[in-house]
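Trainee: Can we go through this one together? I'd like to start with confidence and then look at the contacts.

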Amino acid sequence: MLTVAEVERIAWLARLALSESEKARYASQLSAILDYAAQLAELDVEDIPPTASVLAVHSVMREGDEIVAGLPRADALRNAPDTDGVSFVVQATFDDE
Amino acid sequence: MEYEVVIGMETHVELDTHSKMFCACSARFFGAEPNVNVCPVCLGMPGALPVINRRAVEFAMMVGLALNCQIARHTFWERKSYWYPDLPKGYQISQYQRPLAYDGWLDVDVRDLSTGNWSEESVRRRIRIRRAHLEEDTGKLTHVGDKSYVDYNRSGVPLLEIVTEPDIRSADEAYAYLSALQQLVRYLGVSTGDMEKGAMRCEPNMSLRPKGSAGFGVKVEIKNLNSLRAVRDAIAYEIRRQTALLERGEAVQQVTMGWDESRGVTVVQREKESAHDYRYFPEPDLPPLEIDDAWLEDVRRRVPELALARQDRYRRDFGLSAYDAVQLTSDRAIADWFEQVIAAAPAGDLRARAKAAANWIQTEVFRLMKANAIPNAEIASIKPQPQQLAELIGLVEQQVINLNTARQVFEEMFATGAAPRAIVEAKGLAQVSDVDALRQVVAEVIAAHPSQVQQYRSGQEKVFGFLVGQVMKATKGKGNAQVINRLLREALKP
């Protein structure tokens, strides 16, 4: 069972604010998910190379390096939390953690 | 105690593709209005799917090959998660477990530049390359007051991170490594390598240890280095700072320092390096990348001979000085042009022709290009063709014209693009080598200057130059200097 501290750490990494009752609820739900995934640890995978992708295709690429116009700036900024019409504006952040 | 510095270098090189790494937006961010080259992919909008830009992968492969790296035949992409407003998805698509290139090396010639003078002597050092992997650049933040303004034009521009082993042992070596790397990406044509504009950014990490010991000291990272000179100065400063600390018996703290260019000092930027938890995991939105033999060989053929190899060849085959070799290979376009001059030269003394071509390029060609504001990289655009310079050199060698006349002819070639022989004929510039005609002129000059002749005969050798000048003047500068010298000496014998 995950501790409340572990749930708080995970919530912080996801930038989610959780209430005390949510923390307790997610502790049991996340634990169940992790326990389910942990069943894989019972298997012997010693000789199996790690799987980075389950897709049947590989090396799909854009050829020609051609430029295609993206979004008009007004559209790009439409979902911005705040904007001066030119840039996305956010609370100043000076350190990365 | 004597200390030794151990430096490893992390360098980010912006690849000069037209479009971005995972979308088709323009990758030209420098000088553009904010947020004009953006789309749902590079803005990290939900549901937008990235697609790999083939050219970016090929550019990265070229750098890997030029750095003598192994190229991963099976690689994949991973998400590096961290939270910062310049990273719209909340993660950067990068490579972690399987870098595209790994286990290589770059040889560099390290020169002592402390005197400010050129040194023919150098020490060749091999800097091992641990890895080079592809990723995407972030947006740009501008902090004003308590707000940050975010421009995502740079978000998603292809970026190659190149990491060395801790093989660098001095500020001069760091400088030599970085300038060699800059020259390498320019030779390959995969990046501008412009540090001032952020197209190449480097973060050295360094530590001091007692000379001769094997362990590593406390590691300090340096950031905010915007030029090659800043890299050398900042490392030299940090060596002095850390040596002073150790000599006082104090410990070096594990910190990130920032270089303050205006004051010429490093200042603490971040006190403690917390171990980041980037939670790398394979990028589910991108299929893995397989590089087969045919593709690898195709890319390998696009890697040209690099500067250091050319320098060695010029010195060995042409007998050029280190200085000439370095100058001529400073830019790939110059080196290619120089080699075309050599290739066009008729059979003969290869070394003499190479030396002549080297001299011409470094004097007249560079002088006229500079006067006409033509950058070295654009030498192919000047009017004289390399074959024509070879022809001009041939005319001097065959004594059809002398060197002074050749300089006039070259100016004409530079202005009009006319062939040297045509200019010589049209302007009647061929030098006079006719012995009888010159003997006549010599006799006239001797008759006209009895007192100088007297001085020469009484041992004043310097008067000889004056008399040569008079003969040359009488031939309007076209006299064959060697013939004139011989005839004058004969005529002046008492």
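Mentor: What follows covers confidence, the interface, the rings and the backbone.

Mentor: This is a predicted model, in which local features need pLDDT of at least 70, side-chain atom pairs count only at pLDDT 80 or more, and totals for chains, interfaces and linings use all residues. Residues are numbered from 1 along each chain as its sequence is written, chains are lettered from A and ligands numbered from 1 in the order in which they are written, and side-chain values use heavy atoms, with hydrogens and water left out.

Trainee: What is the mean pLDDT of chain B?

Mentor: It is 93, and 99% of the residues of chain B reach 70 or more; pLDDT is the predictor's confidence in each residue, from 0 to 100. For the complex, the predictor gives an ipTM of 0.80 and a pTM of 0.87.

Trainee: How many residues of chain A are in contact with chain B?

Mentor: 38, and they meet 46 residues of chain B, contact being heavy atoms within 4.5 Å. The two chains bury about 3,900 Å² between them, 57% of it on carbon and sulfur atoms. Buried area is the accessible area (1.4 Å probe) that two parts lose on being put together, summed over both.

Trainee: Which residues in chain A lose the most area?

Mentor: A:Met61, A:Arg62 and A:Asp65, together 18% of what that side buries.

Trainee: And how many salt bridges across the interface?

Mentor: The rule finds 4, taking a side-chain nitrogen of Lys or Arg within 4 Å of a carboxyl oxygen of Asp or Glu. A:Arg9 forms a salt bridge with B:Asp277, with the closest N and O atoms 3.8 Å apart.

Trainee: Switching to rings. How are B:Trp118 and B:Tyr323 arranged?

Mentor: Their centres are 5.3 Å apart and their planes are at 80°, so the pair is edge-to-face. Rings of Phe, Tyr and Trp (its six-membered ring) pair if their centres lie within 6.5 Å; planes under 30 degrees apart count as stacked, over 60 as edge-to-face and the rest as tilted.

Trainee: Which residues form a ring cluster?

Mentor: Ring pairs join B:Tyr82, B:Tyr96, B:Tyr278 and B:Tyr280.

Trainee: Last topic, backbone. What is phi of B:Asp103?

Mentor: Near 55°, a positive value in a residue other than glycine. Most residues other than glycine have a negative phi. B:Asp103 is exposed, with a relative accessible area of 51%.

Technical notes. Buried means under 20% relative accessible area, exposed over 50%, partly exposed in between (1.4 Å probe, protein chains only).
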